[in-house]
Amino acid sequence: MTQPQITRVRISPAALGVTLVLLVIQLYLFETVLGAVLDGQRSVLPGAFFVSLALTAISLFLAFRSTVEHRGGD
Amino acid sequence: MTWWRRAFPLELAEEGHFSRREFARFLAVVSAGFTAGIGYLWLRKKPLEGASDPEAKHAELPVALGLAADLQPGQSRLFKFRDEHDACILLRTPKGELRAYRQTCTHLGCAVRYAGERLECPCHLGFFEPDRGFPVQGPPSRPLAAIALEVRPDGSLWAVGELPKPTLESLDRRADCPREKTEVTA
């Protein structure tokens, strides 16, 4: 008697790694932007915002959509 | 079973479980937080506290600083510029040139003081050179905000505005910054 195979969906390790790298980039970007703003250079803000938005969109996509199917009981 | 376990029936094994996907979602939310922070800085019209604001929309009110000849090389004097919280320092460099800077250290905001040959921040031992306000030692990595000075025909000295901070685009900073001079000459 064979047990039915269970399919589990997980996020792939590669996607998790990319998300981590994107967060490090975000941290560096925010620190740089904050330093620039404190120096009175506000012209970097629009560009930095859209770059940060794009990175966040990629992170959200990876966190919610990137999956790997595992077959088996565990 | 102890009373507190009955009062708080937590299954610790399950509570400690944190899936890979939940972690990825947490990272994505933190990433969104950084984006929101940059967006807030973009939309915020008022400069951050202690931030340089060379493009102030309001008209600058010149502040009288006394006679220019009163200050000898190596001496300094404190003054307020835009308001009572805007502490600045006027100094005459050993070369005899007058300079004025905002007194806020660019590291963590302590008040810098003039120690004869350089400006020093006593909190974390950061030092700035007096000619341009560049950091030369210690934790600060950004130059001090400089105040524009004007000597009028009667010899009186006035603070008339804030100078924009030097950038790589606006001047040959690498050649002028003492901290990076070694990199240029190397």
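In this predicted model, β9(B) is joined to strand β10 (residues 156-162) of chain B by 5 bridges, the two running antiparallel. Within this pairing, B:Ile147 sits opposite B:Glu162 of β10(B). The pair belongs to an open sheet of 3 strands, ordered β1-β10-β9 (chain B), with antiparallel pairing. At the edges stand β1 (63-67) and β9 (147-151) of chain B; each has a single partner strand, so one of its sides is left without a neighbour in the sheet. On average, and ignoring direction, neighbouring strands here are turned by 30° against each other.

Elsewhere in chain B, strand β4 (residues 98-102) holds B:Arg99. This arginine counts as buried because 21 other C-beta atoms lie within 10 Å, the cut-off being 20 or more. Setting aside neighbours within four places in sequence, B:Arg99 contacts B:Leu91, B:Thr93, B:Pro130 and B:Asp131. The C-alpha atoms of B:Arg99 and B:Ala146 are 7.8 Å apart, although 47 residues separate the two along the chain.

Between the chains, helix α2 (residues 45-65) of chain A packs with helix α3 (residues 20-43) of chain B, at an angle of about 165° and with 9 Å between their axes. That angle makes α2(A) roughly antiparallel to α3(B), since anything over 145 degrees falls in that class. As for handedness, α2(A) and α3(B) cross in a left-handed sense. By class, their contact comprises 17 nonpolar, 6 polar and 1 charged residues. On the α2(A) side, the residues involved include A:Phe49, A:Leu53, A:Leu60 and A:Ala63, while those from α3(B) include B:Arg25, B:Phe34, B:Ile38 and B:Trp42.

Conventions: Residues numbered from 1 in each chain as written. Chains lettered and ligands numbered in written order. Predicted model: local features only at pLDDT ≥ 70, side-chain atom pairs only at ≥ 80, totals over all residues. Axes fitted to C-alpha atoms, helices over the stretch in contact; angles between N-to-C directions. Helix = DSSP H or I, 4+ residues; strand = E, 2+ residues; numbered from the N terminus. Parallel < 35°, antiparallel > 145°, perpendicular 65-115°, else oblique. Left-handed = near helix turned anticlockwise from the far one by under 90°. Contact = placed C-beta atoms within 7 Å. Nonpolar A, V, L, I, M, F, W, Y, C, P; charged D, E, K, R; others polar. Buried ≥ 20, exposed ≤ 12 C-beta atoms within 10 Å, placed from the backbone. Pairing = 2+ DSSP bridges.
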